[in-house]
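Thanks for coming, everyone. Let me put the structure up, and then we'll walk through it piece by piece.

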Amino acid sequence: MRILGRLTGGPARQACLLHERLTPAFETRLVTGSLSAGEHDMSELLSSSSNVLRLKAMSREISWSDIRAFWDIFKFLRRERPDVVHTHTAKAGALGRLAAWLAGVPVIVHTYHGHVFYGYFGRAKTRAYLTVERALGRVTSRVIAISASQREELSGKYAVVSPQKISVIQNGFELGSFSKQDREKTRQALGIRPDQFVLVWAGRMAPVKDVQLLAEVIRLAATSLPKALFIIVGDGEQRVGFEAQVQGYDNVRLLGWRRDMEAIWSAADAGILTSLNEGTPTALIEGMAAGLPFVATDVGAVADLAVGELQRLPEGMGRRADNGFLTVRRPEALCYSIAELIADPLTAKRMGTVGREFVNKRFVSDRLVDELTALYYHLLKSRGIAKAHEEGGLTEQEPKAHAVAVGVESKQEL
């Protein structure tokens with residue numbers, strides 16, 4: 001049983017993919033909550049609503065309805081009796097893991113797609129979240145970090161869980177369609193001039209994404225980078241404020257939520273990210289799959305997406321990788337990096353090629369499915385539940401999954 005806070009954003013892509021792709025080896029259920037205002041419903045990621053339970057009581061904000069959501073999850077667990085519960089995102093991770101522990105579920109897994117320990121709340125609230133997460137870590141069979149740097153944060157910086165309980169399993173995506181779009185057709189449809197350098201920002205307009213910094217970049221670029229055009233994809237609680245900050249500037253277009261991101265990325269020349277904190281940003285991975293370089297604030301696990309030896313930018317503005325720029329949190333630093341890409345199209349193209357090769361090796365869906373299948377089998381065996389699966393003939397797949405996808409380092413982590 002997979003439990004997800006809401007069907008929106010990068011975690012929804014992962015949860016829906018796994019819900020459907022794991023069906024040859026496991027009987028699966030998906031539990032998900034309700035969306036907040038301005039969030040994009042990504043139900044289209046599911047081929048059907050079969051084996052999907054939607055809980056209206058489970059929403060993003062902490063409220064009294066969480067008690068009802070917890071009780072609904074607990075009853076569902078007692079009825080379905082899953083061998084494995086895997087939770088995604090903070091709210092689902094708290095309610096789902098506690099309910100699974102009380103329901104006696106043998107294997108409890110949680111994925112940190114990001115974390116809420118920086119860039120979300122004040123000091124007191126953050127301390128409270130850390131206390132809860134550390135307690136939940138004790139009843140969790142395995143925590144999954146989606147990058148090596150995130151593992152270090154969880155086990156070292158924030159001491160949420162011991163390193164022995166953490167496996168690094170990076171996200172996986174269906175990336176083939178990002179390299180098969182008609183660039184010129186999309187640019188014409190969007191009214192983009194041939195000489196414009198298009199940067200795409202995609203995400204939820206929430207405080208952690210720092211759309212205020214994005215607005216500052218857009219205003220600075222209006223005078224210093226006349227070729228730059230910013231296409232903003234997304235919505236959320238801070239959209240109204242963002243619109244006010246860029247009102248009157250003609251170098252920005254707000255598209256709202258879009259389902260045709262493959263086409264949007266094909267019309268772009270680079271991806272841009274301004275976040276305060278990130279796990280592994282889906283937007284940058286999609287942009288690289290389309291063959292684009294990136295300009296991103298050097299926060300969270302963004303540095304794990306950098307390829308090659310990092311070179312220092314002048315005046316302490318950040319670092320340059322073979323596939324993009326990691327900058328400090330200043331509009332001048334992001335604009336400097338954008339100017340570098342505009343001034344040197346050949347280098348920008350070379351960065352895009354490096355990025356595409358990187359994500360097509362590292363972030364494919366088959367690898368994600370194989371690694372999680374191997375992890376589930378390992379944890380089931382460690383709980384003495386292997387016999388039931390042997391009778392179903394499933395354990396024959398486990399050595400193959402280990403050999404093909406896990407590798408020596410991951411085997412040691414398992």
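Let's start with one histidine. His40 sits in the loop between strand 2 and strand 3. A word on names: helices (H or I, at least four residues) and strands (E, at least two) are DSSP runs, numbered from the N terminus. And a word on the source. This is a predicted model, where local features need pLDDT of at least 70, side-chain atom pairs count only at pLDDT 80 or more, and totals for chains, interfaces and linings use all residues. Residues are numbered from 1 along each chain as its sequence is written, and side-chain values use heavy atoms, with hydrogens and water left out.

Back to the histidine. Is His40 buried or exposed? His40 is buried, at a relative accessible area of 11%. The cut-offs: buried means under 20% relative accessible area, exposed over 50%, and partly exposed in between, with a 1.4 Å probe and protein chains only. What does His40 touch? Leaving aside residues up to four places away in sequence, His40 touches Leu7, Thr8, Leu35, Trp257 and Arg259. Contact here means heavy atoms within 4.5 Å. His40 and Trp201 are 161 residues apart in sequence, and 16 Å apart in space, C-alpha to C-alpha.

Seven strands make an open sheet, in the order 3-2-1-4-5-6-7, and the pairing is parallel. Two strands pair if DSSP finds at least two bridges between them. At the edges are strand 3 (52–54) and strand 7 (166–168), each pairing on one side only. From one strand to the next, the twist averages 20°. Angles run from 0 to 180 degrees between N-to-C directions, and axes are lines fitted to C-alpha atoms, for helices over the stretch in contact.

Strand 2 (residues 30–32) pairs with strand 3 over three bridges, in the parallel sense. Leu30 stands opposite Val52 in strand 3. Helix 3 (residues 90–102) packs on this sheet and touches strand 1 (2–4), strand 4 (84–88) and strand 5 (107–112). The direction of helix 3 makes about 160° with that of strand 4.

Helix 3 has a helical partner too. Two packed helices are described by the angle between their axes and the distance between the axes. Helix 2 (residues 65–80) packs against helix 3 at about 45°, with axes 9 Å apart. Helix 2 and helix 3 are therefore oblique to each other. The scale: under 35 degrees is roughly parallel, over 145 roughly antiparallel, 65 to 115 roughly perpendicular, and the rest oblique. Their crossing is right-handed. A crossing is left-handed if the near helix is turned anticlockwise from the far one by less than a right angle, and right-handed if clockwise. On the helix 2 side, the residues are Asp66, Ala69, Phe70, Ile73, Phe74 and Leu77. They meet a set in helix 3 that includes Leu95, Gly96 and Leu98.

Eight strands form an open sheet in the order 10-9-8-11-12-15-14-13, with mixed pairing. Strand 10 (252–256) and strand 13 (311–312) are the edge strands, and each pairs on one side only.

Look at strand 8 (residues 197–202). Five of its six residues are buried. Strand 8 runs parallel to strand 9 (residues 228–233), joined by six bridges. In strand 9, Phe230 is the bridge partner of Leu199, and Val233 is that of Ala202. Strand 8 also runs parallel to strand 11 (residues 270–273), with two bridges. There, Val200 has Gly271 as its bridge partner.

Next, helix 7 (residues 211–224). Helix 7 lies across strands including strand 8 and strand 10, running at about 155° to strand 9. Helix 7 and helix 11 (residues 331–343) pack at about 55°, axes 9 Å apart. That pair is therefore oblique. Helix 7 passes helix 11 in a right-handed crossing. Among the residues that meet there are Leu213 and Val217 in helix 7, and Leu334 and Ile338 in helix 11.

Last stop, helix 10 (residues 282–289). Why call helix 10 largely enclosed? Eight of its eight residues are buried, so the rest of the structure largely encloses helix 10. The cover includes helix 1 (9–21), strand 8 and helix 12 (345–362). Just after helix 10, Gly291 takes a positive phi of about 85°.
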